[in-house]
Amino acid sequence: MTAVPHAPQVSAPDQPGRLSRAAAFWTLAATLLTFMCAAAAPSPLYSVYQAEWRFSAITLTVIFAVYAIALLAALVTVGALSDHVGRRPALLAALAITVAMVAFIAADGSGWLLAARILQGTATGLATGATSACLVDLRPQLAPLINTATPGIGLGAGAIGSGLLVEYAPAPTTLVYVLLLAACAAGAVGVALMPETSPRRPGALASLRPEFGVPGNAHGRFLAVVPILITTWSMTGFYMSLGPSLAIELLGINNHLVGGFVVCCLMGTSAIGSLVFRRRNPRAAIIAGSPLLLVGLLGTLAALAATSAPLFFASTMITGFGFGGAFLGAFGSVSRLAEPNRRAALFATVYTVNYSAFSLPTVAAGVAVTQVGLGVTANAYAIAVAVVAAVGFLAAVRLLPKH
């Protein structure tokens with residue numbers, strides 16, 4: 001069934017007593033940044049927790065992955081809720097759930113960490129669809145760039161900031177979460193003052209039933225970019241979960257800051273890649289970014305074989321730069337295909353693919369580490385991701401429109 005074309009959305013005037021649409025857009029971008037900083041903040045602390053509480057590599061990857069699994073569960077249930085109850089109520093509810101920071105502060109064992117990551121993932125899952133959709137509501141031309149660059153900036157900043165606090169600040173396992181809790185509170189104030197961009201409509205309870213929200217006219221294009229979504233986010237899971245351990249165990253770098261630096265190298269350059277490729281059409285961005293992903297991954301394999309830290313970090317940055325271009329192209333390819341009242345559902349579907357690729361291979365890698373070792377697992381993981389990246393490149397060349 002062919003989708004009926006819809007008229008371009010006309011920007012609504014500013015609402016009295018609310019932030020202007022421009023101010024609301026940047027407030028929302030800052031809120032998304034906070035969520036991403038919070039997601040990466042525990043990464044440099046995992047080695048501290050593991051040494052203190054003596055849990056296994058499998059437990060470590062499970063703690064890492066339950067965040068994404070909880071996020072997935074939220075995406076497929078409440079991810080489209082803001083299409084029905086409004087963007088602001090959904091975002092305020094997500095920010096309220098960030099009391100997960102208190103669970104991190106109180107943690108005295110792996111059980112607390114699991115609970116905190118589940119709460120954090122639930123909050124982020126609720127916020128993801130609403131945030132992405134609201135950014136498009138407010139500034140449709142700029143939204144794809146912000147939606148793709150901000151996660152990279154936030155994950156990189158959260159990881160390096162947390163690493164600095166762990167290495168040099170007092171109370172390393174609590175201070176970062178106190179700061180994030182304060183940032184979430186400030187975000188809640190900003191969201192409360194935003195204009196509502198999506199009026200209430202019936203069907204809120206029905207929207208909680210898990211379903212894919214890809215409009216009929218977007219199926220072909222969505223399937224064409226799925227390999228790129230899988231590549232970019234499974235690679236992110238690889239670097240965020242195993243990257244710090246690789247740097248410490250295989251490269252012999254014994255510094256808590258290194259865990260944050262690995263993530264920062266990847267995600268910081270991904271944000272730069274998004275900026276560099278922002279004026280290219282989606283197909284061109286994918287075609288330019290995918291080969292860089294391959295080069296970076298092959299460089300990482302060479303660095304591990306040669307135990308070369310400079311090559312490892314240089315390759316990580318190349319991989320991140322390719323990530324920025326490839327993911328920008330994939331996201332941009334589908335972001336404008338849904339009607340306004342279906343945007344949150346579409347973005348929830350996109351991020352369902354993303355976080356499945358982010359979490360499930362990472363858990364498998366954690367099991368593999370205990371069986372065959374870190375080095376073999378890292379090599380096999382990187383090769384598998386490189387193969388999927390090659391498939392994504394070919395799919396973009398053959399299936400996506402040139403303009």
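Predicted model: local features only at pLDDT ≥ 70, side-chain atom pairs only at ≥ 80, totals over all residues.
**Entry 1. Contacts and overall form**

Of the contacts between residues at least 6 apart in sequence, 86% join residues at least 24 apart. I then took the share of buried residues, which is 54% of the 403 residues in the chain.

For secondary structure I found 15 helices and 0 strands. The radius of gyration is 20 Å, close to the 22 Å that the globule rule gives for 403 residues, so the chain is as compact as a globular protein of that length. Taken along the principal axes, the box filled by the C-alpha atoms is roughly 60 × 50 × 35 Å.

**Entry 2. H1 against H8**

I turned next to helix H1 (residues 21–40) and helix H8 (residues 143–168), whose axes come within 7 Å and cross at roughly 40°. I noted the crossing of H1 and H8 as right-handed.

Which residues make the contact? On the H1 side I listed Phe-25, Trp-26, Ala-29, Leu-32, Leu-33, Met-36, Cys-37, Ala-39 and Ala-40. From H8 the partners include Ala-143, Ile-146, Asn-147, Thr-150, Pro-151, Gly-154 and Gly-158. By class, the contact of H1 with H8 has 16 nonpolar residues, 4 polar residues and no charged ones.

**Entry 3. H10 against H15**

I examined helix H10 (residues 219–250) with helix H15 (residues 374–399), and recorded an angle of about 160° with the axes 9 Å apart. An angle over 145 degrees counts as roughly antiparallel, and H10 and H15 are therefore placed in that class. The crossing of H10 and H15 is left-handed. I sorted the residues of this contact into 19 nonpolar, 7 polar and 1 charged.

**Entry 4. H10 against H12**

I kept H10 and compared its course with that of helix H12 (residues 282–306). The axes of H10 and H12 come within 12 Å and cross at roughly 25°. That makes H10 roughly parallel to H12. The crossing of H10 and H12 is left-handed.

From H10 I listed Val-225, Ile-228, Thr-231, Thr-232, Met-235, Tyr-239, Leu-246 and Leu-250. These meet Ile-286, Ser-290, Leu-293, Gly-296, Leu-297, Thr-300 and Leu-304 in H12. I counted the classes in the contact of H10 with H12 as 10 nonpolar, 5 polar and no charged.

Is Gly-296 buried or exposed? Its relative accessibility is 0%, and Gly-296 therefore counts as buried. Leaving aside neighbours within four places in sequence, I found Gly-296 in contact with Tyr-239, Ser-315, Ile-318 and Thr-319. Tyr-239 is one of the H10 residues in the contact with H12. I also checked Gly-320, which is 24 residues from Gly-296 in sequence and 8.0 Å from Gly-296 in space, C-alpha to C-alpha.

Gly-243 is found in helix H10. At 1% relative accessibility, Gly-243 also counts as buried. With neighbours within four places in sequence left aside, Gly-243 is in contact with Phe-238, Val-262 and Phe-312. I checked Val-189 as well: Gly-243 and Val-189 are 54 residues apart along the chain, and their C-alpha atoms are separated by 36 Å.

**Entry 5. Two loop residues**

I looked up Gly-79, whose place is in the loop between helix H3 (57–78) and helix H4 (82–85). Gly-79 is buried, with a relative accessible area of 1%. From Gly-79 to Thr-122 I recorded 43 residues in sequence and 10.0 Å in space, C-alpha to C-alpha.

Where does Thr-307 lie? I placed Thr-307 in the loop between H12 and helix H13 (309–335). Thr-307 is exposed, with a relative accessible area of 51%; the cut-off for exposed is over 50%. I then read its backbone: phi of Thr-307 is near 45°, a positive value in a residue other than glycine. Most residues other than glycine have a negative phi.

Note on methods
Residues numbered from 1 in each chain as written. Heavy atoms only, no water. Axes fitted to C-alpha atoms, helices over the stretch in contact; angles between N-to-C directions. Helix = DSSP H or I, 4+ residues; strand = E, 2+ residues; numbered from the N terminus. Parallel < 35°, antiparallel > 145°, perpendicular 65-115°, else oblique. Left-handed = near helix turned anticlockwise from the far one by under 90°. Nonpolar A, V, L, I, M, F, W, Y, C, P; charged D, E, K, R; others polar. Rg over C-alpha atoms; globule rule 2.2 N^0.38 Å. Buried < 20%, exposed > 50% of the residue type's maximum accessible area, 1.4 Å probe, protein only. Contact = heavy atoms within 4.5 Å.
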